[in-house]
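Colleague: I have the model open and some time for questions. Where do we start?

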Amino acid sequence: MEDFKRIFNWENIFKNSEKFQNSKPFRCGFIENVLFDEFYQKLYDSYPDFSSFDDGSDHSKSQLCRDIPNNDDSTVSDVWNEFKRYLQSAECIQNFRKYTGVDIKKLDYCKFIGYKRGGFQIPHIHNVSSHELVIFVYFSKGWKKGDPGGTFLAKEKDLSTIFFEPHTLDNVMALFQDGPNAVHGIRLITKDVERRGYQIVMN
């Protein structure tokens, strides 16, 4: 069994467990300092360049994405492969199950998702399964409070009903339980910035 270094700051994460499990209109949470600083900095320093991403845009969004294989990827740094392996581990799955109260059993997939000027995603709902957990970890320093780019959560498919949007994108995690009410999206980015994110889906 692989002996993982300190990756997620579970003590900090578990402090927010009750808030996540009791949130309305659907289970959701936001955690700052989610990764231990040293590990986060290694991930941040080796985040892949957007030039290696594919265009994932369609009528509902303008985004860049890069899929991640189940096995190690020789085109990314060792620390990103370690992070992915940890997400696949029984310890990680068990801890997210404990934090969320969602009956997840495995990592379904993870991928890099990037946005820059002109990027957006309209409010939408997956509603794949109530046993699905959607997680976003962000790697963008210096984000201005109030600027679009982080994944917002809303009560309806209308921007006027947004009740949460990250105020910082530096070593933070936003996550929610999938379901019929889990509206989310990205407001239009108008500044010349790079929103660097990592999406994790467990079920």
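**Cavity, rings and strands**

Modeller: With the largest cavity: helix α4 (residues 78-88) gives the largest share of its lining, three residues. Helices here are DSSP runs of H or I with at least four residues, strands are E runs of at least two, and both are numbered from the N terminus.

Colleague: Before we go on, what sort of model is this, and what gets counted?

Modeller: It is a predicted model: local features need pLDDT of at least 70 and side-chain atom pairs pLDDT 80 or more, while totals for chains, interfaces and linings use all residues. Numbering starts from 1 along each chain as its sequence is written, and side-chain values use heavy atoms, with hydrogens and water left out.

Colleague: Fine. How many cavities of 30 Å³ or more does the search find?

Modeller: One, over the whole structure. A cavity is a set of points on a 1 Å grid over the protein atoms alone where a 1.4 Å probe fits but cannot get out, and lining residues have an atom within 4 Å of a point.

Colleague: How much space is in it?

Modeller: The largest cavity holds about 40 Å³. That volume is the space filled by probe spheres set on the grid points, which are joined across faces, edges and corners.

Colleague: Which residues line it?

Modeller: Ile68, Asp73, Val76, Trp80, Asn81, Lys84 and Phe112. By class that lining is four nonpolar, one polar and two charged residues. Asp, Glu, Lys and Arg count as charged, Ala, Val, Leu, Ile, Met, Phe, Trp, Tyr, Cys and Pro as nonpolar, and the others, Gly among them, as polar.

Colleague: Back to α4. Is Asp78 buried or exposed?

Modeller: Asp78 lies in α4 and counts as exposed, at 65% relative accessibility. The cut-offs are under 20% relative accessible area for buried and over 50% for exposed, with partly exposed in between (1.4 Å probe, protein chains only). Asp78 and Ser57 are 21 residues apart along the chain, and their C-alpha atoms are separated by 29 Å.

Colleague: Switching to rings. How many aromatic pairs are there?

Modeller: The count is 27 aromatic pairs. One is Phe8 with Phe83, a tilted pair at 5.7 Å centre to centre and 55° between the planes. Phe8 is in the segment before α1 (10-14) and Phe83 is in helix α4, so this pair ties together parts 75 residues apart in sequence. Both Phe8 and Phe83 are buried. Another tilted pair is Tyr47 and Phe53, at 6.1 Å centre to centre and 40° between the planes.

Colleague: What is the rule for a pair?

Modeller: Ring centres of Phe, Tyr or Trp (its six-membered ring) within 6.5 Å; planes under 30 degrees apart are stacked, over 60 edge-to-face, and the rest tilted.

Colleague: And what are the accessibilities of Tyr47 and Phe53?

Modeller: Tyr47 is buried at 6% relative accessibility. Phe53 is buried too, with a relative accessible area of 8%.

Colleague: Which ring does the charged end of Arg6 sit over?

Modeller: The ring of Phe36, 3.9 Å from its centre. The charged end of Lys98 sits over the ring of Phe14, 4.4 Å from the centre. The criterion is NZ of Lys or CZ of Arg within 6 Å of the ring centre and within 35 degrees of the ring normal.

Colleague: Now the strands. What is the order in the five-stranded sheet?

Modeller: β3-β6-β11-β8-β9, an open sheet with antiparallel pairing. β3 (61-62) and β9 (162-164) are at the edges with a single partner strand each, so one side of each has no neighbour in the sheet. Two strands pair if DSSP finds at least two bridges between them.

Colleague: How many bridges join β3 and β6?

Modeller: Two, in the antiparallel sense, with β6 covering residues 120-124. Lys61 stands opposite Gln121 in β6.

Colleague: How many residues of β7 are buried?

Modeller: Eight of the eight in β7 (residues 133-140). Leu133, Ile135, Val137 and Phe139 point one way, and Val134, Phe136, Tyr138 and Ser140 the other. In a regular strand, side chains alternate between the two faces of the sheet.

Colleague: What does β7 pair with?

Modeller: β7 pairs antiparallel with β10 (residues 169-177) over eight bridges, and Leu133 stands opposite Gln177 there. Six bridges join β7 to β12 (residues 194-202), again antiparallel, and Phe136 stands opposite Gln199 in β12.

Colleague: Which other strand joins β12?

Modeller: β5, antiparallel, by nine bridges, with Tyr115 opposite Arg195 in β12. In β5 (residues 107-116), seven of ten residues are buried.

Methods: 1 Å grid on protein atoms, 1.4 Å probe; cavity = no way out; pocket = protein on both sides within 12 Å on 5 of 7 lines; lining within 4 Å.
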